[in-house]
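Let's take a walk through this model together, stopping at a few side chains and backbone details along the way. Keep the viewer open as you read.

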Amino acid sequence: MYKISLKDWVILLTIVPTTLIGFGLAGYFSYSRNAEMDEVLNLRAQSIIEPLSIVGKAPLVNNNREKLRRMISHAHRSQSSIIKSIAVFTLDNQVFVTSAYHGDTNSMRLKAGEKLPIYTQSEIINDFIIYRSPIVDEYKVDKRQNSVKNTPLILGYIAIQVDQSRIKFKQQSQYLIAFTMALLGAILSSIFAMKLITNVAKPINSMVQAIDRIREGKLESRVNGQLIGELNFLKNGINTMAQSLGNYQNEMQGSIDQATIDLRESLEQFEIQNVELSIEKKKAQAANRVKSEFLANMSHELRTPLNGVIGFTRQVLKTPLSDSQRDYLQTIDRSANNLLTIINDILDFSKLDAGKMVIESIPFSLREAIEDSLVLLAPSAHKKNIELSINIDHSIPDSLLGDAMRIKQIMSNLISNAIKFTQHGSVVIDITHQSIAAKKTAIKITVVDTGIGMNSEQQQTIFKAFAQADQSITRLYGGTGLGLVICQRLAYEMKGDIGFSSNTNQGSTFWFDFECGVSSLPLNNDMDAHHLANKSILYYEPHNHTRTATCNILTNWQMQITSVDNLIELEQAIIEKTAKGDEGFEFALIGHDNTATALSELKKIITQVKPHVAKIHLAINSNSPSLQDALISSGALSSLSKPVTANKLSFALLAKQHNQFKTNKKILPIKVLAVDDNEANLKLINALLLEQVAEVTLADDGAKALELCKHESFALIFMDIQMPVMDGISTLKAIKNNTCNNKTPIIAVTAHALNGEKEKMQQQGFNAYMTKPIDETMLSHIIYEYCDFDNFVGLDDDNCLAQLTVQEDVNAPVTIDWSLALERTGGKVTLAKEMLTGLVDSLASNQHSIRQALIAEDTKQLKRLIHKLNGSCCYTGVPNLSNICQQLETQLKRNVALDHLEPEFFELFEHIEQVLAAAPKILEKADENIP
């Protein structure tokens, strides 16, 4: 940016204003003089032409050309300085007479079509002005002017050609003189300005230059010369300042030299320390890298055997079991799944301190998550004979969007702490909510215990890492003291909070809240308790909170409840029911503590109630199989382990409705190869396959699988990806290139469930993709899709479809089962929506193509289209459409005539229309649930 100097300011404030004013005045006065001269010329011309137009009337009327010529010639000679020619024109625009025979009469004549002027007019043509004035007879009226009354008769007009060259010359001379004077004034102003610059600006400029040199470090610079007035005082001040700065610089340089010596010594020490720190940093990074690799490897190594635990637990659950055995195995399954989820996210815990913890937002069932936590914690409460009770507000939506694992983690920590520090009494949980938006709610979970409590000092350290209430408690109860710290961090990450209130020996109340989205789509079918509506039930429970919570569940099911809290009221309720003439209660639910006399007391109650109640169910704070068997043998239908939840109670009261349909599967006469380096997983997939195929060959690495494929043929190959010796991808390529199984379908089986993993495996050459833990339905579908159909011919029709299709509740068919779609995609809402959208987008074209193939009776094309549609239905949660596609593909592969399949095709088209009609609403709700 340019800075204006003092010299520039002098020029701007003296020369420029003077020049502008001078030229402005010159221009103004010159313009005024020119306008005045033009006005004088115009008046002079009018004073000549108007008298001539008046005196020229008589000669024009009498046609006296000579007289009129003398008149205008005299006027021409008298005004020859400005007049070049005078001419008189008749009414028909013809020259009547002119003062100059060689004059330019054409320019003076009116143009063709122009009307005769009724007053004096002027026209500029080049350097001449043409004035025209009418010659009129005032005593005669022009009858042609119909629109104007009493208009004088126009006889002709007179024109004067005025030369304005002299006037222009004078005007130009005037401009020249005026601007010359203005220029002289500007020059004179410049002379005075330069004098001022010489006397003031130059000395000041020399001072500025001296100061610049001083600023650059040239402290020997001085301002020289004899100046006048204030400038001389300024010069002396600058020179004195330069001298002082020079002295100060010398002193400072000495200090700098000394400081430099000291700094050099310090830098040497710092360099040594930096080398030591760099070595320690590399060691820390190496240790951290080893730790990260260890965590990653351990996470994978733990996940792999857990797949075997989960798989074999599910296998055992298929066998005949007692209720207690089934309960134990289901607990193992839930625990293993919880542990698997924690292991999958174990590396995320290191992100807490960095503030990078990722909180999931996926659909989950709140009541299922709560029950999973309570099932694991209940045995600890039962062992101490503590009453464990939970009350869930029935208005809380069950299908939510959030991180279920983190919620269960916080709740489990609070409840386990409550049980740990409570020796007798109860631990009760209350769950409430508050809507904060149309699709968002705030859940609050409160845990109240009757334990030892805390004093004010202990409460100050409760949320500090590696700390508990006091050291004696640490020794007595154990624990790392990290649980509540992690809970607090997680609550904050879920846009919530955690808090407590406590008094010594009076128990504690812990609570935490969090925000969740409300899912518009249910994850699984709501509990079907409509069969219990208006049923009568006698409920005995001495504990107030448990009784209130269970009554809320029963009331929500619209049951007729008779609730009592002591044996006297129990007996009175039976007497009153009998007195009314009723048959008795349809159900009885008896709650009791696990005391030393619990068995005998419950037997007496069962004996007392049995004659009046058909179905007796017990709820005790014990999971002892022997106690439960003894109670059931005494006449109870079931013995529930507290806390009583809606799922447990519904299963007990509706035992018949929960019976599962089982089918005897036929074994397919095929040989399958399974490859996996983990022994447990290999045993599991072997057990699952042997339920469906005749022979399974096992290999624990890729090299052994390749060797087997060179000598044997297989109908299907299930291949693990991450294996020693030879990984799954390398084995696939070798089998395709060098063995007799080059056309055998190969299925990828991996513990990775990342986005895009399926597409990646297909690009490598795998025919299909399965994730661990292995889903039996998907396994059946893959065997059906990729196995040669000739192997199915020996199976009868009923059992064939029973084996190859997903068993659905025939009493409640659904068009689109969103929970099934989420199950197929590992709970990923976005992927489930993409899969369903792809199916819906292709249904119309597929339906049209199938109709065209039916018309053309093209069986080969129909097989291809139905097979393609069947594969699309596998991952999209459309059970009805999937079943009919599988039936049609089965019949088509068996070469059944198209005429015999007409009902099935009608059903297929009907299911397609139903999916197309239901899909928009499902997809709209899915969009609302995508975070």
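Is Phe510 buried or exposed? In this predicted model, Phe510 is buried, with a relative accessible area of 12%. That falls below the 20% under which a residue is called buried.

The structure has six aromatic pairs, and one of them joins Phe500 and Phe510 in a stacked arrangement, with 5.3 Å from centre to centre and 20° between the planes. Phe500 belongs to strand S11 (residues 497-502) and Phe510 to strand S12 (residues 508-518), so their pairing ties together parts that are ten residues apart in sequence. Phe500 itself is partly exposed, at a relative accessible area of 22%.

Elsewhere, aromatic rings gather as a group: Phe23, Tyr175 and Phe179 make up one cluster.

Rings also meet charges here. The charged end of Lys577 sits over the ring of Phe585, 5.1 Å from the ring centre. Likewise, Arg851 places its charged end over the ring of Phe909, at 4.0 Å from the centre.

What about the cysteines? Searching the whole structure turns up zero disulfides. Cys516 is buried, at 2% relative accessibility, and Cys551 is also buried, with a relative accessible area of 15%.

Let's finish with the backbone. Lys642 and Pro643 are joined by a cis peptide bond, with omega at about 5°. You will find Pro643 in the loop between strand S17 (638-641) and helix H17 (646-653).

Asn385 counts as partly exposed, at 32% relative accessibility. Is Val725 buried or exposed? With a relative accessible area of 72%, Val725 is exposed.

Technical notes: Residues numbered from 1 in each chain as written. Predicted model: local features only at pLDDT ≥ 70, side-chain atom pairs only at ≥ 80, totals over all residues. Heavy atoms only, no water. Phe/Tyr/Trp six-rings, centres within 6.5 Å; stacked < 30°, edge-to-face > 60°. Helix = DSSP H or I, 4+ residues; strand = E, 2+ residues; numbered from the N terminus. Buried < 20%, exposed > 50% of the residue type's maximum accessible area, 1.4 Å probe, protein only. Lys NZ or Arg CZ within 6 Å of the ring centre and 35° of its normal. Disulfide = S-S within 2.5 Å.
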